[in-house]
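Please open the structure in a viewer and keep the selection panel at hand. The stops below are arranged as a sequence of selections.

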Amino acid sequence: MLEKTFLPRAIEDKFYAAWEECGSFRSGQKGDAEPYVIMMPPPNVTGSLHMGHALTYTLQDILARYHRMRGYDVLWQPGMDHAGIATQLVVERQIGEEGSKRQDLGREKFVDRVWRWKAESGGTILSQQRRLGLSPDWERARFTLDEGLSKAVCRVFVELYHAGLIYRSKRLVNWNPHLLTAVSDLEVKSIETKGKLYFIRYPIENSKDFISVATTRPETLFGDTAIAVHPEDPRYKHLIGQRATVPLQGRSVLIIADEHCDPEKGTGAVKITPAHDFNDFEVGQRHNLDMISIFDERGYLNENVVEPFQGLERFAARKRVIETLEVQGLLEKTEDILHMVPHGERLDAILEPRLTDQWFVEAKTLAGPALEAVKSGKTRIVPQQWTATYNQWLNNIQPWCISRQLWWGHRIPAWYGPDQRIFVAKTEEEAYAQARAHYGRDVFLKQDEDVLDTWFSAALWPFSTLGWPDETPELKRYYPTSVLVTGLDIVFFWVARMMMMGLYFIKEVPFKTVYLHALVRDEFGQKMSKSKGNIVNPLELMNTYGADALRFSMAALAAPGRDVKFSASIVEGYRNFATKFWNAARFCLQNECLYHKEFDPYACKSSVNRWMIGETVRLARTLETELADYRFNTAAAALYQTVWGQFCDWYIELIKPLLLGDDVNLKTETRACAAWCLGTLSHLLHPFMPFITEEIWQHIAPEHPELLITSAWPFQDQDQDVDRLMADPAQQDIVWMIELITALRGLRTDFNLLPSLKLTLGLCEGSDETKRRFQQYQPFLERLGRIETFEQDATAPQEAAQLVLGEATFYVPLGALIDLAQERQRLRQSLADAEKESQRLQVKLGDGVFVAKAPAEIIEKNRVRLQEIEQTCARYRQALESLCR
């Protein structure tokens, strides 16, 4: 017997161990079955489970479990990413606590230390993934620094280099002066910040005039190599071609014309610092300007600036520059502004554009086939609206900086000769062989110190995890994969790059479908962050409500293309849903309802049983349709409606008198039908809530010891026969009865009638079909509608409430039960009060000033309240209209 109270923790560990023990997650067990492959986005080895993980992993697990039950050979490929910067930071902090730096250890010992940390503390998230109930093929788990994956990374780098698609160049990159490494453009957070706009005078040579420029970064003037104005700006046309002097530095620079300048911004004249601004870098390339780096790797002014300012930290330098300009009369004015400042994702450091030698991928060439694959339909993006975003980014793709100044990661397979000639090879031996052939003698080679961007190895995930570059059976069977499920925030980091690499090296798309889910935000639509204090810990939610409740919440909220507005109360609600299903199962077991495979759903006589069978079949078909289109939220809604609404609320109540009655055949049929419906619903709910369904199944099907996870999806071999079950006339009969009972219950609420009060129900107008139903289902109406007397073909008396259901009109006499005049007055006053509040809220939400200034959570609360009060108004109006005159 099931325990009286549903306690998730009591069953979760038990069944997860059982699933692993029987090898149910393992791929390759159905050799002749169609493969279904999902590549799990590898979490960082430093990571712990967050709400974004909970969403993406839940959706993937639903698909994996569903297709496994459908008979597919499912490979859900798990693994972890080495997470270059994040992991190096963790270990550097540990070393720092010991009073040392990584430089004290040296590269080799530091990397060994990171591997030790990974073995001891890395991969915490793997146990957390198990806690969520995930079912990937753990035996095939990969790590991006595994020997096989490292072999693939090296092969890709070497081949792209020799094809001219990887090159080394001095270019401007986003530089993190705290981490001392370049970072990806995609990893830059632009944060709106209060700042100042400084207007600085640059003396015109051979003149007493000045040209003023406006800048937010006056400390970079030491690297100025030109001043630019718009060629059509009448204020400056006469100055084009003349020269000006850079304040403090004393450098003579040319005044040039370039359309990059916006005459409406600042003064219309722009200082050009090609080595420290991305737009200026492009201007410098167009005009062949000198590029002078003025910062060292830590963000301190270097030897290229005048001596009094050398060695100053960049923000201290800014203060000193402004003070000096003011003394010299070259600071015209200062304005307070809000502007976007680039920050790094790690340590939240302000980034510095810096000119350095880096390795780049010529992404433009690789992007072409990736664009064509989506255009031709080889890969489908769901929701389709994100296709335009994908296309826009690839059409405007820039060279991809793939080198990082770190020690942890895939070291770049490039070696430098005595004259700095580059030799790129798969091994050091091959590099020396190349050098020997080039120089005609043995020389010393030094390997590049940098490592590759973490996303470089991640881009190979769909085929490197299957054994490439070797021609493995797994690569042949499981590539291309079926679907990629991931957040839309990494469509550029990861999705597009996997498309480019897969098409280049395997000549085939890496996945047939890309499903992009939105982001998890708080209940008011705000991004979750530590600073806002609105982060929700999924582990705490699972401790409180269970993994099943969290999983179902994630699915129910996953509306395509819409951010998830999350609150713990949602999980609490779906824990209640699980408890409701648990209690219904207990009721069935208490009434000796046990599942038998030989039960024939086509042979039932009772219309109540036939109705529930049809609803169960309809649910299966709905789930198949919704999951095929990745509409997880509507699939979850269908489950909720059928399991709670039809089965737990209505069917259980409707069969109670049947189970207590004297008709032995009906009782036997109802027991078998209830168990069959409960068992089938457990199958259908299993991909979403695997733990509770597995526990219920083990109790109601003692003759069938197989686990749900390895059971077949219902009705796969009965497609045409099943339609007959959904078309049974009992379907409409029971729906009619439920609607009538619901209307009667609503009437009691509207007129404050006690639930125990027995009523009279009359039918004054209705078709023959309605009259038949009115007669046939009176026992159910009497019990569930609390009806004492039935009247038919009668005229509705005065002082009665009317109920209109389809073509039929029913009435309930109220004159002897309540003071109708007083009740009308109460309803009118309540309606007036509600309408007044509704009007107040509409005015408030229509106030542009309020909407612009109020916090998002306050606006959302007002909107929700308005919806609630409008529903209340509608209920009061309906109650007034129902009263017979």
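This is a predicted model: local features need pLDDT of at least 70, side-chain atom pairs count only at pLDDT 80 or more; totals for chains, interfaces and linings use all residues.

**Helix 6**

Begin by selecting residues 124–131, which form helix 6. Which of its residues are buried? They are I125, Q128, Q129 and R131. These residues lie on the same side of helix 6, because they cover an arc of only 155° around the axis. Next, display what covers them: the covering elements include helix 1 (9–21), helix 2 (51–69), helix 17 (538–545), helix 18 (547–557) and helix 23 (690–700). Before leaving, select G133, which follows helix 6 and has a positive phi, near 90°.

**The second largest pocket**

Now turn to the second largest pocket, with a volume of about 1,400 Å³. To centre the view, select T216, R217, D277, H339 and M340, which are the closest to the pocket centre among the 42 lining residues. Then colour the elements that each give two or more residues to the lining: strand 7 (188–203), strand 8 (210–215), strand 12 (269–272), helix 8 (278–287), helix 9 (314–327), strand 13 (331–344) and strand 14 (352–361). Which element gives the most to this lining? That element is strand 7, with seven residues. Colouring by class divides the lining into 15 nonpolar, 15 polar and 12 charged residues.

**The nonpolar cores**

The next selection is L550, F566, F647, F688, F810 and L814, the residues with the most contacts inside the largest nonpolar core, which has 154 residues. Helix 21 (residues 632–660) gives the most to this core, with 15 residues. Focus on F647 and show its surroundings: leaving aside neighbours within four places in sequence, F647 is in contact with A584, C588, M612, T642, I652, A674, C677, L678 and L681. Another core, of 66 residues, lies apart from the largest one; L371, I397, Y479 and M499 are among its members.

**The cavity**

How many cavities of 30 Å³ or more are counted? The count comes to one, and the largest cavity has a volume of about 30 Å³. Select P601, R610, I613, G614, R724, L725 and D728 to display its lining. Helix 20 (607–628) and helix 24 (719–726) are the elements that give two or more residues to this lining; the largest share, three residues, comes from helix 20. By class, the cavity lining has three nonpolar, one polar and three charged residues.

Technical notes. Residues are numbered from 1 along each chain as its sequence is written. Side-chain values use heavy atoms; hydrogens and water are left out. Buried means under 20% relative accessible area, exposed over 50%, partly exposed in between (1.4 Å probe, protein chains only). Helices (H or I, at least four residues) and strands (E, at least two) are DSSP runs, numbered from the N terminus. The arc is that of the directions from the helix axis to the C-beta atoms. Contact means heavy atoms within 4.5 Å. On a 1 Å grid over the protein atoms alone, a cavity is a set of points where a 1.4 Å probe fits but cannot get out, and a pocket is an open set with protein on both sides within 12 Å along at least five of seven lines; lining residues have an atom within 4 Å of a point. Grid points are joined across faces, edges and corners, and a volume is the space filled by probe spheres set on the points. Ala, Val, Leu, Ile, Met, Phe, Trp, Tyr, Cys and Pro count as nonpolar, Asp, Glu, Lys and Arg as charged, and the others, Gly among them, as polar. A nonpolar core is a set of buried Ala, Val, Leu, Ile, Met, Phe, Trp, Tyr and Cys residues joined through side-chain atoms within 4.5 Å.
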